[in-house]
Amino acid sequence: MSGEPNALPQADIDALYRVVAERRDVRNGFRPDPVDDATLTRVLAAAHQAPSVGLSQPWDFIVLRDREIRAQVHALARRQQDVFAAQLPGARARAFGQLKVEAILDTPVNIVVTCDATRGGRNVLGRHAQPQVAAYSTACAVQNLWLAARAEGLGVGWVSFFAERELAAVLGLPGHLEVVAYLCVGHVTEFPPAPELVLSGWAQRRPLAWAVHDGQWGRRGLPGQPPARLLADTVAAIRPLDAAAVAQARDRQEALTKPSGSLGQLEAVSVQLAGVAGECPPPLPEPAVVAVFAADHGVHAQGVTPWPQEVTAQMVANFLASGAVVNAIAAQAGAEVCVVDVGVAADLPPGPGLLPRKIRAGTADMTAGPAMSRAEAEQAVEVGIETARDLVAAGNRCLLTGDMGIANTTASAALIAVFTGADPEQVTGRGTGIDDETWQRKVGVVRRALARHAADPADPLGVLAAVGGLEHAALAGFMLGGAALRVPVLLDGVIAGAAALAARALAPDVTACLIAGHLSTEPGARRALDALRLRPLLDLELRLGEGSGAALALPVVGAAARVLRDVATFDSAGVSGEKE
Ligand SMILES: Cc1cc2nc3c(=O)[nH]c(=O)nc-3n(C[C@H](O)[C@H](O)[C@H](O)COP(=O)(O)O)c2cc1C
């Protein structure tokens with residue numbers, strides 16, 4: 001109780017919060033009985049009381065009952081569903097096939113909410129600088145309608161599977177009107193207890209603490225609470241494998257209809273997955289997503305690679321156009337590819353699948369000074385943590401590491417040398433395939449960088465700042481973020497190995513959630529995996545990066561989970577076990 005004299009009676013306050021919490025987007029379980037005119041009018045009146053820019057009231061409501069028009073609208077929505085489904089990776093496409101995304105013909109009435117951004121003429125107060133606020137105002141009307149409908153026991157489903165102009169044409173709208181919402185309205189048998197997309201596992205609700213910033217964007221914190229410390233809080237949330245789930249998974253492996261141990265490393269992966277999730281059998285690692293962290297390197301100036309730096313940005317465009325190797329392998333494995341610009345030395349045009357999170361336009365040359373500041377290293381780690389959070393909130397159950405950055409095997413070699421104590425010669429590889437002379441130079445460059453910085457492996461942010469890359473720092477954060485949310489992180493090659501060493505130095509238990517996808521031919525990769533005590537799943541002499549090896553290993557991880565879940569036990573199948 002606030003004690004505020006202007007507050008409504010407590011019962012009204014409770015009712016308001018209840019209707020906000022119990023409002024649902026409904027697509028299933030509509031009853032055929034009509035919505036009476038008086039109820040419909042009350043709900044529309046609530047919509048009409050919405051706030052609007054300059055009181056311009058840009059909305060209109062078309063109450064649509066005609067089945068013929070609705071059938072045409074339904075056909076439009078179906079077409080867009082097909083378009084959407086065709087672009088989805090395997091696991092998502094299967095999940096989408098189970099979802100119902102419209103109830104256009106199942107409801108007794110549809111309501112189209114339009115926006116007239118010209119209403120009120122030139123001098124609408126507050127609209128001159130942002131014409132789009134007319135549509136925002138209309139969305140406020142939709143929300144009022146939605147809440148009132150919930151209070152009245154009416155379900156509302158908002159359908160946006162339309163090319164808006166096609167829909168406007170079918171509805172015969174004047175050209176200046178925009179369709180803001182297409183709503184399917186009717187009585188329901190019940191309201192789902194949570195968003196249907198949550199119940200189906202498609203996506204999750206983000207905690208409030210992730211969404212509230214104190215005074216400045218990025219400084220997260222709930223009112224009155226100490227500000228969240230993203231890195232420290234993430235590290236604090238990381239735990240070892242769940243011992244009970246591990247024990248259960250081991251017992252179950254022994255009970256499956258196969259000789260004990262006959263699935264070799266697959267059994268270990270299944271046990272690890274159970275320990276990560278804290279349940280046995282563990283969830284399948286799908287949907288899965290490859291996050292390709294892209295950044296440039298100042299050390300490129302030292303001639304460590306024959307490839308020009310522009311290739312980083314050009315390859316980002318290639319990933320976004322689905323033309324790279326990782327796209328092909330991810331498509332085969334049913335995983336999504338998204339690209340995170342954490343430090344590409346070029347302005348990248350926005351596009352679907354690109355997360356613009358640039359900390360700086362490439363690192364500085366580590367042989368001349370620190371690659372980046374300590375604050376930048378921490379910011380890049382935080383980009384990785386947030387990327388992991390957002391991708392898990394979007395419904396992903398397995399995170400795959402990817403990277404793109406011309407010269408990033410040089411930074412990887414330096415990181416691995418610092419964290420493992422290896423000599424630069426042992427961990428510096430030929431990257432994209434350099435000749436002996438370039439390799440000698442590269443080893444020398446790593447040696448000089450190490451000598452210059454004398455980085456302390458017990459200070460991982462300091463190491464990343466001195467000789468790391470922005471993508472290494474972000475990848476370390478990505479691993480920490482996944483581990484904090486108990487989601488397995490499947491590693492690609494040497495860049496991921498270097499980043500994992502940094503992640504482990506920040507949070508030793510992070511390795512519980514890491515699975516090494518493959519063994520790269522880069523010498524530093526084996527060194528890193530040995531130090532991390534991770535055993536690679538595949539050894540196919542890959543050295544591409546991008547996340548290609550992680551994507552290739554994904555079906556192996558999927559098979560490990562599926563075996564533990566689906567294979568019958570000796571008892572359940574009535575198969576005799578080995579004689580004692
Ligand atoms: C602008 C907007 C468009 C939406 N479009 C669709 C849609 O086309 N199909 C669908 O099934 N749900 C659609 N939804 C519903 C959301 O998926 C739903 O609001 C979200 O999952 C949260 O669930 P809840 O509304 O039950 O809390 C839309 C919601 C909004 C706000």
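How many of the residues of strand S5 (residues 288–295) are buried? In this predicted model, local features need pLDDT of at least 70 and side-chain atom pairs count only at pLDDT 80 or more, while totals for chains, interfaces and linings use all residues. Residues are numbered from 1 along each chain as its sequence is written.

Strand S5 is mostly covered, with eight of its eight residues buried (20 or more other C-beta atoms within 10 Å of a residue's own, C-beta atoms being placed from the backbone). Strands are DSSP runs of E with at least two residues, and helices are runs of H or I with at least four, numbered from the N terminus. In a regular strand the side chains alternate between the two faces of the sheet. Ala288, Val290, Val292 and Ala294 point one way from S5, and Val289, Ala291, Phe293 and Ala295 point the other way. S5 pairs in the parallel sense with strand S8 (residues 398–404) over seven bridges, where pairing requires at least two DSSP bridges; Ala288 stands opposite Cys398 of S8. Strand S6 (residues 336–343) also pairs with S5 in the parallel sense, over seven bridges, and Val337 of S6 is the bridge partner of Val290.

The ligand is surrounded by Arg24, Asp25, Arg27, Val101, Trp158, Val159, Ser160, Phe161, Pro195 and Leu197 (C-beta atom, placed from the backbone, within 6 Å of the molecule). This shell comprises six nonpolar, one polar and three charged residues (nonpolar: Ala, Val, Leu, Ile, Met, Phe, Trp, Tyr, Cys and Pro; charged: Asp, Glu, Lys and Arg; polar: the others, Gly among them).

Terms used. A residue is buried if 20 or more other C-beta atoms lie within 10 Å of its own, exposed if 12 or fewer, and partly exposed in between; C-beta atoms are placed from the backbone.
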